[in-house]
Amino acid sequence: MPTQLVGQDNHASDVRVKTVYSGDVMITYINHNITLEEFTQEMIAICRFTPDQVFTMKWVDEEGDPCTISTQLELDEALRLYELNRDSELTVHGK
């Protein structure tokens, strides 16, 4: 079940994720220690993908470049840079 919530009060320590897919923009919050499997399931739920639908997740780095998230290491790096740069959100594009 996606964790789309409007208020930020309960999410002070979570990562705000802006997901862009098929022209829609959705906001969700994730834990800093999320696994790739949990993150993938969150994207499936929030984008309403079918269980067998193949998709690619990319986050946008500080230079505006899309970076693929397909391994736990890549997800961890995206979250590390989110923290390091004190970004307001992690932007993820589904394709």
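This is a predicted model: local features need pLDDT of at least 70, side-chain atom pairs count only at pLDDT 80 or more; totals for chains, interfaces and linings use all residues.
A salt bridge is taken here as a side-chain nitrogen of Lys or Arg lying within 4 Å of a carboxyl oxygen of Asp or Glu. The partners are Arg 80 and Glu 77, whose closest N and O atoms are 2.9 Å apart. Both residues belong to helix α2, and because they are 3 residues apart there, about one helical turn separates them. Arg 80 is partly exposed, with a relative accessible area of 43%, and Glu 77 is likewise partly exposed at 34%.

The largest nonpolar core holds 23 residues, and Phe 39, Met 43, Met 57 and Leu 90 are the members that touch the most others. At least two core residues come from each of β1 (15-21), β2 (24-30), α1 (36-47), β3 (57-60), α2 (72-84) and β5. Helix α1 makes the largest contribution, with 6 residues. In soluble globular proteins, nonpolar side chains tend to be buried together.

Beyond its neighbours within four places in sequence, Leu 90 contacts Val 15, Arg 16, Val 17, Lys 18, Trp 59, Ala 78, Leu 79 and Tyr 82.

Once residues up to four places away in sequence are set aside, Thr 91 touches Lys 18, Lys 58, Trp 59 and Val 60. Its C-alpha atom is separated by 9.8 Å from that of Val 25, a residue 66 positions away along the chain.

How values were computed
Residues are numbered from 1 along each chain as its sequence is written. Side-chain values use heavy atoms; hydrogens and water are left out. Contact means heavy atoms within 4.5 Å. A nonpolar core is a set of buried Ala, Val, Leu, Ile, Met, Phe, Trp, Tyr and Cys residues joined through side-chain atoms within 4.5 Å. Buried means under 20% relative accessible area, exposed over 50%, partly exposed in between (1.4 Å probe, protein chains only). Helices (H or I, at least four residues) and strands (E, at least two) are DSSP runs, numbered from the N terminus.
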